[in-house]
Amino acid sequence: MGIDLESLSEATSGAIGALVSTTILYPLDTCKTKYQAEVRTQHQQKYRNISDVLWEAISTRQVLSLYQGLGTKNLQSFISQFVYFYGYSFFKRLYLEKSGNKTIGTRANLIVAAAAGACTVIVTQPLDTASSRMQTSEFGKSKGLWKSLSEGTWNEAFDGLGISLLLTANPSIQYTVFDQLKERLLKGKLSKQAATESSPKALSAFNAFVLGAVSKCVATCLTYPAIRCKVMIQAAESDEDGNQEAEQKAQKTVSGAVYAVWKREGLLGFFKGLQAQILKTVLSSALHLMIKEKITKSTWVLMLALRKFLFVTRPKLKDT
């Protein structure tokens, strides 16, 4: 069976794009995550808005702590995006081959994206939990990857797995919207394909940025209450009194997180930090997809060159 070069190219370019966008926007991600993790009544809130988190880091001379957990987050991001894009591209091509269709419909696209997302979540959940604990730790007190995971049980490493599986709807919606918009945009610009090989279609940097921002904004607004609960479940435990500690442990389940938000912050609490989430995720997704689209052709050419090199050298090795 031959190597699926298009799936491999999509996975590689997607993973590199995720790595770059995650690194650039990581301080914003840390501020956003710490703000989301706090669940208190209005008069007891430590952070009234996301800028308070940034000011705390500056006032305590812990600006570099905004990058705590960056290595783990990058590792998780790279692996998850590689697995996701490879699975998404592979399942999409498999569906088109089996169905005989030239394009994939919205319903089939959602199913394919959800399947790829579920595989990705299961593989990377421990890394996701560890990075969330590092980000929500007190500035300057973050623990390393191994210590964050080894202090708890194996089950605790998969905190929030159920809600993470539910949130596979987020990238499913995002990439479905992106693919459908991209297909319509490129429909009138299709070039003739070569008889043997052809490079994948690519958007311009500006178009990819805009479509990435729009698709992620739609997905984020629809799934934000679940995103907030997931952050609360995975957050590091703070040094509080006994009552606070008991309440924190109760929040480690979906029902506990929902009850805590409803009790302390009301209905609007489920959308606390939505603006920061949209700002971060839209910028991240737009940068990610822009970088991915721009390097897809380069990775495709490299994959073709690698395959030709292997085909040329393989007969020589057999002769010797």
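Guide: Welcome! A residue counts as buried when its relative accessible area is under 20%. Keep that cut-off in mind as we look at this predicted model.

Visitor: Happy to. Which residues of α3 are buried?

Guide: In α3, V53, E56 and A57 fall in that class.

Visitor: What makes you say that the buried residues of α3 line one face of the helix?

Guide: Looking down the axis of α3, you find its buried residues within an arc of 95°, so they line one face. As background, an α-helix has 3.6 residues a turn, so residues three or four places apart point the same way. Part of the cover over the buried residues of α3 comes from α2 (26-37).

Visitor: What happens just after α3?

Guide: There R61 adopts a positive phi of about 55°.

Visitor: Which residues form the nonpolar patch on the surface?

Guide: F209 is one of them, together with L181, F206, V210, V214, V218, L222, L279 and L283. Two or more residues of the nonpolar patch come from each of α9 (205-234) and α12 (274-319).

Visitor: Which element gives the most to the nonpolar patch?

Guide: That is α9, with six residues.

Visitor: How many helices and strands does the protein chain have?

Guide: The protein chain has 12 helices and zero strands. Of its 320 residues, 45% count as buried. The protein chain exposes about 17100 Å², and 62% of that area is supplied by carbon and sulfur atoms.

Visitor: What share of the contacts with a separation of 6 or more joins residues 24 or more positions apart?

Guide: In the protein chain, such residues account for 80% of those contacts.

Visitor: How do you know which element of the protein chain has the highest mean pLDDT and which the lowest?

Guide: pLDDT is the predictor's confidence in each residue, from 0 to 100. Helix α3 (residues 50-59) has the highest mean, 90, while helix α10 (residues 242-250) has the lowest, 57. For the protein chain as a whole the average is 78, with 82% of the residues scoring at least 70.

Visitor: Where does pLDDT stay under 50?

Guide: Over residues 192-197, and there the model has four contacts beyond four places in sequence.

Key:
Residues numbered from 1 in each chain as written. Predicted model: local features only at pLDDT ≥ 70, side-chain atom pairs only at ≥ 80, totals over all residues. Heavy atoms only, no water. Patch = residues over 30% accessible without salt bridge, like charges linked within 9 Å, V, L, I, M, F, W, Y side chains within 5 Å. Areas by Shrake-Rupley, 256 points an atom, 1.4 Å probe, with all protein chains shown as cover. Salt bridge = Lys/Arg side-chain N within 4 Å of Asp/Glu carboxyl O. Helix = DSSP H or I, 4+ residues; strand = E, 2+ residues; numbered from the N terminus. Contact = heavy atoms within 4.5 Å. Buried < 20%, exposed > 50% of the residue type's maximum accessible area, 1.4 Å probe, protein only. Arc of directions from axis to C-beta.
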